[in-house]
Amino acid sequence: MSTAETTARGGEQPALSPQFHVAHHFDSADTQFDAGRMGIWLFLVTEVLLFGGLFCAFAIFRSWYFDSFVEAHHHLDKVMGAINTVVLITSSLTMALAVRSAQQSKKELTAILLALTLACAATFLCIKYVEYSHKFHEGLLPGKWFSAVGFHTAHPGVFFAIYFMMTGIHGLHVVIGMILISWILKRTMKGEFSSRYYAPVEGVGLYWHLVDLIWIYLFPLLYLVG
Amino acid sequence: MSAASHAHTEHAHGGDHVPHVLPLGVYLATFATLLVLTALTVGASYLSFGAWNLIIAIVIATLKAATVALVFMHLWFDHRFHSIIMASSVIFLTIFISFTMFDTQNRGRTEAIEGERPADIQNPFKASQRQAALMKSLPPMASGTALPRAPPPPPAASASAAAPSEPIVPVASASASASAAPSASTSAAAH
């Protein structure tokens, strides 16, 4: 990996990220960059623990109502879930490449890759919308609103409560991610980022990868294993 | 890791941050790995491995998550401290889920055990000491008809050894078990 680290050199042109400066309480740009990135990682830990509570609820109710979970999970569309997984993985790739091109001060490429990431996120939400509306029509709803007929087990509503809560909060994270990506896309177009300064692109990228990472667990647990 | 140390030795003291740019191939290979693992986990879901289904799904998901974290999130090339931060969240998540399930998986089991062997809340070790003495007085694998082999039982234990089927309840615990009963029933009603 060390062969690649000389690809980009900051500071060759004085026009790179003109507004950027190192705050007086940091020794160097490196220290400032690392401090910001560590802050993002600490935030991601709180996100893991937020979803952790939901995964814990999933584990408990799955062990209590195993029959219902197995029966109910067959009503999720595996194919749509798999397509959404590929869409999110693709968006993670374009996001990672957007960070890479920002590191290389390639403004136009960064903007294109960020726009592609946005498009993937929108595709994800559209597929999710189709899935949700299908569930609404069939009455596969959480808890007491569950009205679908023909189930042989007693607690399918519990599964759909968990399903809607986990995918709903994940979907909310996708929406927030789209807002953040739009924000750095706008700043990229204004030419604020370069190899000297791309910390916001990296930070939003880390957040976006975590959203992907959560889905990597949600998909098999909800759609495949149940 | 080499990149981080490189950046610090060459560009400290007010110099610009020099990014560590990975080759394009690394990202594409990572993407391909993730697609293959996705196909693998979807394919595995069409086969039945019984209780292994969940374990296989979680192992593949963890491989994918590790790939994303190490390459896309740059943890492999980053300061080790960031990896420690991320690992700590996973460790505490494991403690959270497993310790919660120690409770939820065993609810309703204590009531049956306490019903057989009520504990004396005033002196919780008394009953177990008496029981240990009783067990010592009985021959191994023995049921009711006792032929005390080893040392003759102490007088207190021999009294109860004469009637082993009788539950070992200290006299003082009769009131304690009565007071423990409502709490057991409320906890049973709680779930």
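The numbered points below go through the conventions, each chain, the helix packing and the interface.

1. This is a predicted model, in which local features need pLDDT of at least 70 and side-chain atom pairs count only at pLDDT 80 or more, whereas totals for chains, interfaces and linings use all residues. Residues are numbered from 1 along each chain as its sequence is written, and chains are lettered from A and ligands numbered from 1 in the order in which they are written.

2. Chain A has six helices and zero strands, where helices (H or I, at least four residues) and strands (E, at least two) are DSSP runs numbered from the N terminus. Along the sequence the pattern is α-α-α-α-α-α, and the C-alpha trace of chain A spans about 70 × 30 × 30 Å along its principal axes. Among the contacts in chain A with a separation of 6 or more, residues 24 or more positions apart account for 76%, with two residues taken to be in contact if their C-beta atoms, placed from the backbone, lie within 7 Å.

3. Chain B comes to eight helices and zero strands, and its elements run α-α-α-α-α-α-α-α from the N terminus on. Buried residues make up 18% of the 191 residues in chain B, and 54% of its contacts between residues at least 6 apart in sequence join residues at least 24 apart.

4. Helix α3 (residues 78–103) of chain A packs with helix α6 (residues 199–225) of chain A at an angle of about 165 degrees, the axes being 9 Å apart; axes are lines fitted to C-alpha atoms, for helices over the stretch in contact, and angles run from 0 to 180 degrees between N-to-C directions. The pair α3(A) and α6(A) is therefore roughly antiparallel (angles under 35 degrees count as roughly parallel, over 145 as roughly antiparallel, 65 to 115 as roughly perpendicular and the rest as oblique). The crossing of α3(A) and α6(A) is left-handed, a term used if the near helix is turned anticlockwise from the far one by less than a right angle, with right-handed used if clockwise. Among the residues that make the contact are G81(A), L88(A) and V99(A) of α3(A), with G205(A), W208(A) and W215(A) of α6(A). The residues of this contact divide into 13 nonpolar, five polar and three charged, with Ala, Val, Leu, Ile, Met, Phe, Trp, Tyr, Cys and Pro counted as nonpolar, Asp, Glu, Lys and Arg as charged, and the others, Gly among them, as polar.

5. The axes of helix α1 (residues 29–64) of chain A and α6(A) come within 10 Å and cross at roughly 20 degrees, so α1(A) is roughly parallel to α6(A). The crossing of α1(A) and α6(A) is right-handed. Residues of α1(A) including F33(A), I40(A) and F51(A) meet residues of α6(A) including G203(A), L206(A) and I214(A), and the residues of this contact divide into ten nonpolar, two polar and three charged.

6. How far apart are the end C-alpha atoms of helix α4 (residues 107–138) of chain A? They are 47 Å apart, which agrees with the 46 Å that its 32 residues should span at 1.5 Å a residue, the expected span being 1.5 Å times one less than the number of residues. Among the buried residues of α4(A) are L113(A), C120(A) and F124(A), and what covers the buried residues of α4(A) includes α3 and α5 (156–189) of chain A. Just after α4(A), G139(A) takes a positive phi of about 75 degrees.

7. At the interface, 50 residues of chain B are in contact with 52 residues of chain A. On the side of chain B that touches chain A, α1 (2–11), α2 (24–45), α3 (52–72) and α4 (80–104) of chain B each supply at least two residues, and α4(B) gives the most, with eleven residues. The residues of that side of chain B divide into 28 nonpolar, 20 polar and two charged.

8. The axes of α1(A) and α4(B) come within 9 Å and cross at roughly 20 degrees, which means that α1(A) is roughly parallel to α4(B). The crossing of α1(A) and α4(B) is right-handed. Among the residues that meet are W41(A), V48(A) and F55(A) in α1(A), with I85(B), L93(B) and F96(B) in α4(B), and the residues of this contact divide into 16 nonpolar, six polar and no charged.

Notes
A residue is buried if 20 or more other C-beta atoms lie within 10 Å of its own, exposed if 12 or fewer, and partly exposed in between; C-beta atoms are placed from the backbone.
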